[in-house]
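Please look over the chain shown here before reading on. The briefing after it is arranged by topic, for use beside the structure.

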Amino acid sequence: MPLVLIALDDTLLDRSGAFRLWAKGFLDEIGAPQDDLDWLLSVDADGLTPRWDLADLIRERYALGIPSIDVVDELHEGPLAYEKLDPLVGCALKIATDAGFVPVVVTNGQGEIQEARIRRTGLDRYVADWVISEQAGVSKPNPRIFALAAQRVRMRLGGAWVLGDSPEADIGGAAAMALPSVWLHRGRKWMDDRFAPTRVAGNVIQGLSEIMATAR
């Protein structure tokens, strides 16, 4: 039973798409031009910018007379209203599971928020388990978080695949453990010459197909 360690954001769940939809509504709500959407997406940096820092940038740009904590709460809760599990992703996970693969989510982030997303979208019905960095006390690409994921489902880490969109956190983590990996390019080119993914795919469905093809 091959273990598949899968990222959450912009892999299993379309975090960027949900943030974009929220951002459009937010700009309308505060009376800001839609041309500012590119700026907001840029400073969000695919969620890598700390929420408090992003809140301060937004308050400063638009001279918002509300506390930073209110903006932080909006940044956490707003995009969640737009986030859904693609039924085709659920179907692909079920096919992989039926074929003997064991999908486990490995994600960086705050435990309460990430777990709520997994459960609220119904993703929990399609994966064997999950490990979240805040709860685990270690973040990707540290190999320990991947080892913890294997332990959660009582499997060995050897022979596992890593599937995700982050060159550093996902593919770098796989390279550190000498594990095969699939990188989701999302329209990007591979730029890192320290390591490289085993396979490249456009989305998680294609990525799972690439992994399942290796077992044929």
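What follows describes the overall build of the chain, then a helix, a strand and some backbone features.

This is a predicted model, in which local features need pLDDT of at least 70 and side-chain atom pairs count only at pLDDT 80 or more, while totals for chains, interfaces and linings use all residues. Residues are numbered from 1 along each chain as its sequence is written, and side-chain values use heavy atoms, with hydrogens and water left out.

**Overall build**

- The chain holds 10 helices and 6 strands, where helices (H or I, at least four residues) and strands (E, at least two) are DSSP runs numbered from the N terminus.
- The radius of gyration is 18 Å, which agrees with the value near 17 Å that a compact globule of 216 residues would have; this radius is taken over C-alpha atoms, and the globule rule is 2.2 Å times the number of residues to the power 0.38.
- Taken along the principal axes, the box filled by the C-alpha atoms is roughly 55 × 35 × 30 Å.
- Of the 216 residues, 47% count as buried, a term that means under 20% relative accessible area, with exposed meaning over 50% and partly exposed in between (1.4 Å probe, protein chains only).
- Among contacts (heavy atoms within 4.5 Å) between residues at least 6 apart in sequence, 57% join residues at least 24 apart.

**Surface and charge**

- The accessible surface comes to about 10800 Å², and 52% of it belongs to carbon and sulfur atoms; such areas come from the Shrake-Rupley method with a 1.4 Å probe, and for residues only the protein chains shown count as cover.
- There are 23 positive and 31 negative side chains, and the centres of the two sets lie 8 Å apart; Lys and Arg count as positive and Asp and Glu as negative, whereas His and the chain ends are not counted.
- The place of each charge is taken as NZ of Lys, CZ of Arg, CG of Asp or CD of Glu.

**Helix α9**

- Within helix α9 (residues 167-176), the residues A169, D170, I171, G172, G173 and A174 are buried.
- The cover over the buried residues of α9 includes α8 (143-152), β4 (161-164) and β5 (181-184).
- Just after α9, A178 adopts a positive phi of about 60°.

**Strand β3**

- In strand β3 (residues 129-132), D129 and V131 point one way and W130 and I132 the other way, and all are buried.
- In a regular strand the side chains alternate between the two faces of the sheet.
- Strand β2 (residues 102-107) pairs with β3 in the parallel sense over 4 bridges, pairing being assigned if DSSP finds at least two bridges between two strands.
- V131 is the bridge partner of V106 in this strand, and at 4% relative accessibility V131 counts as buried.
- Leaving aside residues up to four places away in sequence, V131 touches V105, V106, T107, A136, I145, L148, A149 and R152.
- The C-alpha atoms of V131 and G187, which are 56 residues apart along the chain, are separated by 27 Å.

**Backbone features in loops**

- Most residues other than glycine have a negative phi, and most peptide bonds are trans.
- In the loop between α2 (37-44) and α3 (51-62), A45 has a positive phi near 55° and is partly exposed, with a relative accessible area of 29%.
- D46 lies in the loop between α2 and α3, has a positive phi of about 55° although it is not a glycine, and is partly exposed at 37% relative accessible area.
- The peptide bond from K140 to P141 is cis, with omega near 15°, and P141 sits in the loop between α7 (133-136) and α8.
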